[in-house]
Amino acid sequence: MTTNLPRASKGEQPAHDSSSPPAVVVAVRKIFAAETGNYFLLLGTTLFLVVFGLVMVLSSSAVESFKEAGDFFASFVRQGIFALIGVPLMLMASRMRAAFWRRWSGTAMIIAMVLQLLVVATPLGVAEGGNKNWIILGSLSFQPSEVLKVGLVIWLGMILAKKINVLDDWRELMMPLGVISAVAIGLVVLGGDVGTAIVLVSIVFGAVFFAGVRLRMFLLPVLAIILAAVVLTSGGSRGDRISVWQSGCTNPQDYAERCWQTLHGWWALASGGVFGVGLGNSKAKWSWLPAADNDFIFAVIGEELGLLGAIVVLALFVVLAIAFVRIIRSNQDPFARITVSAIMVWILGQSFINIAVVLGLLPVLGVPLPLISAGGTSLVTTLFAIGIALSFARAPVRARAGVPAS
């Protein structure tokens, strides 16, 4: 026995199923459709750090923002806008396949190097804080050295994956990997941004190490870098910063000059104690601590949230490291593994440098804390790089040919 169901008459729309989810919900579900839990681990930790960073930027920059622009929320709104740009870019990058990053890695590297060349060789480059690392194109201003980090990580992944079977030959590493990397880092050094140059060097060494190059091949490059560092820091303001760092800022004559920022960062951390003075109650941010919302935001975190807050931040970066390692282990393709390794070294290495500077373990280098410090270019490029790692988390690559796992 069959039952004839009523049909919609011509021109009549079928009845809407109230149980089906709206189109917007379906679209969001597709965006977050990940194949593994690694995707959610990295994404969730990243978003938490971004939100936490926005809160701390608001707290640490409110006084200076009012002093400069008459608005307590000026820096916070600017950082929020960049977060609204960076997060969608991260999600878009997470939808790309490995073949896309392979295809465009060389182009990305060329564009990044050209932009950095414009900074140091043309009037478009602008100096700030003693470093020439900004470029102005009309109403747009940004740091090409941050773009260079993105280009470098995917280009290193592509080159090293191609040479995976000849990594024991130093000549294969020199051309083009050694030459291009040296030129890119040299362009940043010419702009005076030694802190970013150190991060770029760590990215190169990290990618080469995780690619499987033997440690004995690091000897000559390390010696060359040490020699270059001695030459670059032998005089001028960098030499002064290193000398006062070595002395531990014990000379009273250095208090008002080279040691001002370091000492006030220490005092901010010390005054926070275990539980902190409370969110928004920092005294150092009242024009006592330079770059309180940027390079030294960790000092404000320690002051307002105490030792516990500082430990939470460190724990979040440890979770990031775990997420990166799990993504690396889930991929069999050398390109995916090396690229994610380079991104991990970039973000965690830069975090270590920033926190070490605040603690006085390194001289002041002007390196922001990823995902937390104020800085639009840094936030957007870091989120984009994490999006690249997310693309390998949601579709792990099981063969060198770049075939996604089913």
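Reader: What covers the buried residues of α10?

Author: The model is predicted, so to speak: local features need pLDDT of at least 70, side-chain atom pairs count only at pLDDT 80 or more, and totals for chains, interfaces and linings use all residues. Residues are numbered from 1 along each chain as its sequence is written, and side-chain values use heavy atoms, without hydrogens and water. Helices (H or I, at least four residues) and strands (E, at least two) are DSSP runs, numbered from the N terminus. The cover of α10 includes α11 (297-330).

Reader: Which residues of α10 are buried?

Author: Buried means under 20% relative accessible area, with a 1.4 Å probe and protein chains only. In α10 these are Gln261, Thr262, Leu263, His264, Gly265, Ala268 and Gly272. Just after the helix, glycine 273 has a positive phi of about 60°.

Reader: What is the order of the strands in the open sheet?

Author: Two strands pair if DSSP finds at least two bridges between them. Here three strands run β1-β2-β3, with antiparallel pairing. β1 (125-128) and β3 (140-142) are at the edges with a single partner strand each, so one side of each lacks a neighbour in the sheet.

Reader: How many bridges join β1 and β2?

Author: Four, in the antiparallel sense; β2 covers residues 131-137. Alanine 127 has lysine 132 in β2 as its bridge partner.

Reader: Which helix packs on the sheet?

Author: Contact means heavy atoms within 4.5 Å. Helix α4 (residues 98-121) touches β1, β2 and β3. Axes are lines fitted to C-alpha atoms, for helices over the stretch in contact; angles run from 0 to 180 degrees between N-to-C directions. The direction of α4 makes about 110° with that of β2.

Terms used. Buried < 20%, exposed > 50% of the residue type's maximum accessible area, 1.4 Å probe, protein only.
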